[in-house]
Amino acid sequence: MELGVNMKLNNDEAKKLKKDFPIFRSNPELIYLDSAATSQKPKKVIDAISQFYENENANAGRSIHSLAEKSLVRYDESRATVANFINAEKNEIVFTKNATDSFNLLAHAIFPLISEGKDEILLTEMEHHSNIVPWQELAKRHGLKIKYVKIRDNYTLDLADMKKKLTRKTAIFSLTYVSNVLGTANPIKEICEMIRRRGALSVIDASQAVAHTKIDVKRIDCDFLAFSSHKMYGPTGIGVLYGKKEFLDKMQPVSFGGGMIKKVGLDSTEFADMPEKFESGTQNIADAVGLAEAIKYLEGLGLDNIKKWETELLAYALRSLKEIEGVKVYNPGAEKSSSTISFTLDGIHPHDVAELLNKDGIAIRAGHMCAMPLIESLGLTSKGGLCRASFSFYNTFEDIDALTKSLKKINEKFKGIQ
Amino acid sequence: MNKKQQEHEPIPEDMYKEHMLELYRSPSNFGVLKNFTHESTEHNTVCGDEITVQLEVEDEKIRDAKFSGSGCVVSMVSASLLMDKVKGKSVSDIFEMNKEDVAKMMNINVTPARIKCALLPLEAIKKALRK
C-alpha cells in the first residue's frame with residue numbers, strides 16, 4: 001500500500017497495512033509484537049525475490065550473457081536504492097550478511113585507520129552483543145582497551161560519563177542509534193560531532209533505527225553505519241555496512257576469493273575497488289533485490305509517517321502497561337525512544353510471561369535480548385532478564401489491548417506466588 | 001503458528017497447570033544437604049536460570065538430592081520432581097536419563113523453546129556426578 005501525500009498513518013490504516021503482509025493471512029490470530037527481533041515481510045518483497053529467481057537469475061558479474069547482465073544491473077540498482085535511502089554514495093555501500101557481519105568486517109579491517117597514540121575503543125552499556133564481541137576480539141588482537149559509557153536511571157545514555165570517557169585516546173566509538181532493549185534513541189548527530197572533535201572514528205548500529213526513522217548519513221556525519229535487512233521488512237541473509245569513501249578506500253579486504261579481484265596471478269592478486277573488494281564470492285543477489293523492494297515499500301509509506309504513528313502506538317502501550325499491577329517498564333518515554341518497550345512482571349519469570357502470552361497468540365521476546373551487559377547493569381541477570389514488546393506500523397491499539405488483557409490474566413494465575 | 005502446524009503440534013495447555021504452579025510456589029527438595037558428596041551449579045544463559053544441585057552418593061547410588069537457585073516455572077518444577085526421581089538410582093542410570101525421561105516425568109508437553117529449561121536440573125546433576 002502507498003499513502004497519498006496528505007494521508008496519515010493511524011489505527012485504521014494500520015489494519016489495512018496488515019493485509020500487505022501474508023503472515024497475517026496465514027496466522028489470522030497472530031498478534032506480532034516482536035518486530036525488533038525480525039519484522040514481517042510484505043508480499044511485494046516476497047514477490048520481488050521470487051520474480052528475480054523466476055525471470056532474472058544468473059551470476060551477476062561473472063558470465064557474458066543477457067541474463068547475467070540483467071542480474072548485475074539488478075544487484076547494482078539495489079545498491080543504489082540502499083545508498084539513496086540513507087543519502088550515501090553507491091560505492092559507500094557494502095553488502096554483508098547482516099549487521100553482525102558488518103561489525104565483524106569492520107572490526108577486522110578498521111585497524112589501519114586508527115591514528116597513533118589511540119588505544120581505546122568506546123562502547124555503551126546498551127549495546128547488542130553484535131556491537132560488543134567483534135570489538136573485544138579486535139581489542140585482543142591489538143592490545144586495545146574497551147570502555148563502556150554508562151546508562152542513567154531514566155534509561156538514557158549518561159552523556160556526562162560519555163564526555164569523561166571519550167578522550168584523545170579513543171580510537172573508535174561504536175554505539176547504537178536505538179537500543180534493542182530500552183528503545184532509547186540516542187542523540188546520534190550530536191554524539192558523532194563530539195566523536196569527530198576527539199579525532200575518533202564513529203560507528204553507528206542502526207539495526208533498530210533504520211525501519212523507524214529517516215537516516216541520513218551525511219546529516220549524522222558518522223564514519224560507519226551498519227544495519228540488517230530483516231529488521232526493515234526485507235529478507236534475512238543480507239545486511240549493509242556503510243562507510244565513508246575515504247575510509248573504505250584505505251581499508252583492506254578481509255575475505256578473499258572470486259569477485260573481489262581485478263587480476264589474479266600465481267603469486268599475487270590485485271584487489272577490486274570498494275565496495276566490491278569487500279564482497280568475495282557470489283553475492284546474495286536475490287535478497288539484495290528483496291531489500292531494495294523493502295526500501296521502496298518503506299518510502300511509499302514515508303518514514304516520517306511511520307515515525308509519527310509508531311510514537312503514538314508506543315505512547316499508548318506505555319500508558320496501558322503502567323496501569324497493570326506489578327509491571328515495571330524500562331523505557332525513557334515515547335518521545336525519547338523508538339518502537340520498543342521492555343518490562344518485567346513482578347515475581348514472574350520473563351520466559352513464563354512469554355510462554356503464557358504465546359498461548360493467547362501474542363508473540364513477544366523474553367530473556368537477555370542479546371544484551372547481557374545491559375541486563376547485568378539493570379540487575380536482572382538472575383531474574384531471567386526482561387520481556388520485550390516491539391512495534392511496527394502494522395500494529396494496532398487492539399494488539400496492545402490484547403497484550404494488556406493477557407498480562408492481567410497472567411498476574412491472576414500467579415497470584416499468591418509473588 | 002499456522003493452522004496446519006496447530007493441528008500437528010498442539011500448544012500444550014498444561015505447562016502451567018495448577019499442580020505445576022503449586023510446585024513452583026512451594027518446591028520440594030529445595031535447600032541444601034549437610035553431607036553432600038557432589039555439587040554443581042548450572043546456568044541457562046538464555047533465561048538466566050541458575051540452579052545448584054547437591055547430591056549425597058554412596059556406593060554409586062544417590063542417597064539424597066536437593067537443589068537451590070531461581071528460574072522459570074519449567075526449570076524449577078523439573079528440579080523439584082527430578083530430585084525425587086534420582087533418589088535411589090545408580091550413577092550409571094542417571095547418565096542414561098535423557099530428554100524423553102524428563103518430559104515423561106513432568107507429564108507435560110514441553111515446547112522446543114523451553115526444553116533447555118526443563119533439562120537444566122538434569123544437566124546440573126550429571127555435571128556434579130562427573131566431578
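In chain A, strands β9(A) and β10(A) form a hairpin with four residues between them (strands being DSSP runs of E of at least two residues, and helices runs of H or I of at least four, numbered from the N terminus). The model is predicted, so that local features need pLDDT of at least 70 and side-chain atom pairs pLDDT 80 or more, whereas totals for chains, interfaces and linings use all residues. Residues are numbered from 1 along each chain as its sequence is written, chains are lettered from A and ligands numbered from 1 in the order written, and side-chain values use heavy atoms, without hydrogens and water.

Strands β9 (residues 261-264) and β10 (residues 269-271) of chain A pair in the antiparallel sense over three bridges, pairing requiring at least two DSSP bridges. Lys263(A) stands opposite Glu270(A) in β10(A).

Over all chains, the structure holds 20 aromatic pairs (ring centres of Phe, Tyr or the six-membered ring of Trp within 6.5 Å; planes under 30 degrees apart are stacked, over 60 edge-to-face, the rest tilted). The pair of Phe21(A) and Phe393(A) is tilted, because the ring planes lie at 55°, with centres 6.1 Å apart. This pair links distant parts of the chain, 372 residues apart. Ring pairs link Phe21(A), Phe24(A), Tyr233(A), Tyr297(A), Phe393(A) and Tyr394(A) into a cluster.
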